[in-house]
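Reader: I would like to learn how to read a model with two chains, feature by feature. Please show it to me before we start.

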Amino acid sequence: MLQLEPRLENSRIWIVATPVVAVLCTLIAGGAMFAFIGIDPIRAIQTIFWAPLFDPALSGYAMPQILVKAAPLILIAIGLSIGFRANIWNIGAEGQYIMGAICAGAIGLAFYPLNTWYIFPLMIFAGLIGGAAWGLIPALLKTKFGANEILVSLMLVYVAEHFLASVSLGILRNPDGAGFPGSRNFQQYESASNPELIAGTGIHLGVIFALLAVIIAYALIRFHKFGYYVNLTGKSLRAARFSGINPARLTIICLCLSGALAGLAGMFELTGPAGQLSIDFNVSYGFTAIIVAFLGRLHPIGIAAAGLLMALTYIGGELAQFMLNLPSAAIQAFQGMLLFFLLALEFLTTYRVRFKLKRDA
Amino acid sequence: MARFFDAEEISKTYPGVKANDRVKLSIDSGEIHALLGENGSGKSTLVKIIYGLLPPDEGKMLLNGQFYSPQSPRQARANGVAMVFQHFSLFEAMTVAENIEVGMDDPPSRSKLEANIDQIGKQYRLPIFPKRIVGDLSVGERQRVEIIRCLMQNPKLLIMDEPTSVLTPQEADQLFATLRELSSEGTAILYISHKLEEIRTLCKRATILRTGRVVNVCNPQSRSAQELAELMVGSSFAMASKRTPSEVSEPLLQAVNLSCKAATEFGVSLSGVSFSVGKGEILGIAGIAGNGQKELAAVISGEATAVGSLRFRGIDLLGKSITERRSLGLLTAPEERLGHSAASEMSLTENAFLTADQRMVLSKKGVIDWKKTKEFALSIISQFDVRVTGVDSHARALSGGNLQKFVIGREIAQIPESLVVNQPTWGVDAAAAAIIRQALVDLASKGGAVVIISQDLDELLEISSSIAVLSCGKLSQPKNTNDITRNEIGLLMGGVHGSTIGSETSGAAA
């Protein structure tokens, strides 16, 4: 008979081995699924995981795309992970991402067509503030009235989406756009654009900021009192209070911080890869980042790796879709399997499975 | 062997620990048999097996010569085995009779039941009015309800789990009279406790458990309390030295008319609490848990707000945060080790930082000096003999006694000018308790003003220079320990509850 036993201490081996084993399990189960729908599993997996990185014909296109996709995921996930560590559950990063982009966009458009150096920094600032303000709403409702931040932050995503639709069709619509919905294109407005820093690499300012966020978050968690307080609050609220932490203040800081980073990601996306505010500006980075944060075990380095892996499966999936005619549902199922195995195997870090012959009592 | 009850070679294994290892236990009819052991020695496991709450992995039991293996408490009761738990399971909104009725497998009619309760109450000196609402009863009276509930089934073997932990000395004396009465009628009683003095007065035979094994079966009356404690712990240790007699000194920590509203529906409000502690003094605050102990500790630490006056070195503390109070030199150690004093999923180094940042200067401009913190953790471990593999161990990996030494040691090692501890030795093994008490005495002798909130009256009488009693959120006037008797303290503990007070003086625990 199988028996589960709680471990006295978390297994260090499994903490490291879980992602590796999970990827292996995904390859086996996913391969079986691909074979079942009549696609060569080896080729499919090779197209998803190998081709974007190492195929000389494809990697020139795919590698920059991976960075472009990974940057906002990592930036948002880093912010979320700090709150998650303290049991503060912001799941409305998508909304904060939208609001950051709208605020930054509005500031940029206000200066159009002026070209000066300070417009872009102002837009960065506006992105941070817009996201933080959208995060502040659930924070205040939670600390003043005890409202659940999960529900409030999630519902504010839908408010933000409607607001986005309203401004893209209304006050921020491109006056020279022949009535098409959507704002002016920021890529064509020099002072407000976020181009590739080195052509053909995909590296734009957002990628640099994502890298900075990873480093700063790592330092905060490892060496700073703020990181300690965040961890302590997550592990035991009463011990945190006893230590002198004000939980309400921490809630506000964490929600604003994760909101600000989501807003920043929105700002870079708007001024770079997306180019304009439009009804379909947001593509669920804010939600996917929640998965990235957990895949990375809320650890900054883990999040960087998870963000890149997630981006790889997206790009690889797209390649497999048009090269092998793999249905997009199969790719989503494949991504789902990866998540499933990671989370299922995480169980093994805290529990041990024992095989036992049941004796008669 | 033809004892009334025999347990042979009982073994029970939990993940990572052998809770019972070939345990033997035998009880005669009419015997009050003590089951002694530290927390985690396997007492509860054994009792749960006897009462049918747990199946043993191995071993067999005989009751009255018959093979006995209860699959449930109901079967245990049907065989004449009853148990009074340490934590009561009574419905507060129901009457005594209703509570007893719901616990019975086949209750008689209400009027017959009430007559029965009356009759048992008279016979065994457990006076209780069956129509009273349980919510209005004192803790001692509630325990009577539990005992009567057991006696209704005419038990042949009655298990009592730490029955006096919630009683005043007078109530405890009454309980002992009841138990002796029952034993004289032939009821076997298995009496679980770690209070050695009361076992020495009550029992003629004791089975001592340590780490799941029977280490000794002896007559506790022929052994000293120290000997029994050493058998329980398995090594010799020094009892805390006597308190140093204190001269009257200037008050360092002073509360005048301190009041606070209960934080939750089940909390206790403090009303008009006044005390003062000077340098070198140890003020003991006695009282049964749940009378405002947690609230008082939280008000002093700064975790809860209050009205009135609380001054430390002449500085008004109310309105000051817990960290500001620490910087001033007032440290506290709460009752719960895991989840309050320490975070269970964090390492000892991280837990050392939890309260020591201000006084030990463990961070600069927000950057934590982990090397210094680790050294501090190591110094606590060596100074207070914390048995642990290293500072990277999680707090939850430590035994209760070791963790308690660590969290109290963490505060003492910061050399506070004043230290307030709540239940410092609760659930801690005797050796660790002695180390903790000694450390508190040493702190006071170096000039620290110490407040000890404790349920353990013996502990307070042993080390405090003055004693006050907290009851229903009110604190009695502190009195010099030499001028207060156990009896007086007992009256203060129970007096406000309005429970019946025994006439005889402390015969139980001297």
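Reader: Which strands does helix 5 of chain B lie across, and at about what angle does this helix run to strand 6 of chain B?

Author: This is a predicted model, in which local features need pLDDT of at least 70 and side-chain atom pairs count only at pLDDT 80 or more, while totals for chains, interfaces and linings use all residues. Residues are numbered from 1 along each chain as its sequence is written, and chains are lettered from A and ligands numbered from 1 in the order in which they are written. Helices (H or I, at least four residues) and strands (E, at least two) are DSSP runs, numbered from the N terminus. Axes are lines fitted to C-alpha atoms, for helices over the stretch in contact, and angles run from 0 to 180 degrees between N-to-C directions. Here helix 5 of chain B lies across strand 6 and strand 7 of chain B, at about 175° to strand 6 of chain B.

Reader: What is the strand order of the open sheet of six strands in chain B?

Author: Strands of a sheet pair through backbone hydrogen bonds, either parallel or antiparallel. Two strands count as paired if DSSP finds at least two bridges between them. In chain B the order is 6-7-8-3-9-10, with mixed pairing. Strand 6 (81-84) and strand 10 (213-218) of chain B each have a single partner strand, so each has one side without a neighbour in the sheet. From one strand to the next the twist averages 20°. Four bridges hold the parallel pair of strand 6 and strand 7 of chain B, and V84(B) has M160(B) in strand 7 as its bridge partner. Helix 1 (residues 43-50) of chain B also packs on this sheet, and its direction makes about 150° with that of strand 7 of chain B.

Reader: Which strands of chain B form a hairpin with two residues between them?

Author: Strand 14 and strand 15 of chain B do, and R313(B) in the turn has a positive phi of about 50°. The two strands pair in the antiparallel sense over two bridges, with F312(B) opposite I315(B). Strand 14 of chain B is also joined to strand 11 (residues 251-260) of chain B, antiparallel, by five bridges.

Reader: Which peptide bond is cis?

Author: The bond from Y112(A) to P113(A) is cis, with omega near 5°. P113(A) lies in the loop between helix 4 (93-111) and helix 5 (119-145) of chain A.

Reader: How many residues does each domain of chain B give to the contact between them?

Author: Residues are in contact if their C-beta atoms, placed from the backbone, lie within 7 Å. Domain bounds come from an automatic or database domain assignment, which gives domain 1 (5-233) and domain 2 (251-495) of chain B. Domain 1 gives 13 residues and domain 2 gives twelve.

Technical notes: Two residues are in contact if their C-beta atoms, placed from the backbone, lie within 7 Å.
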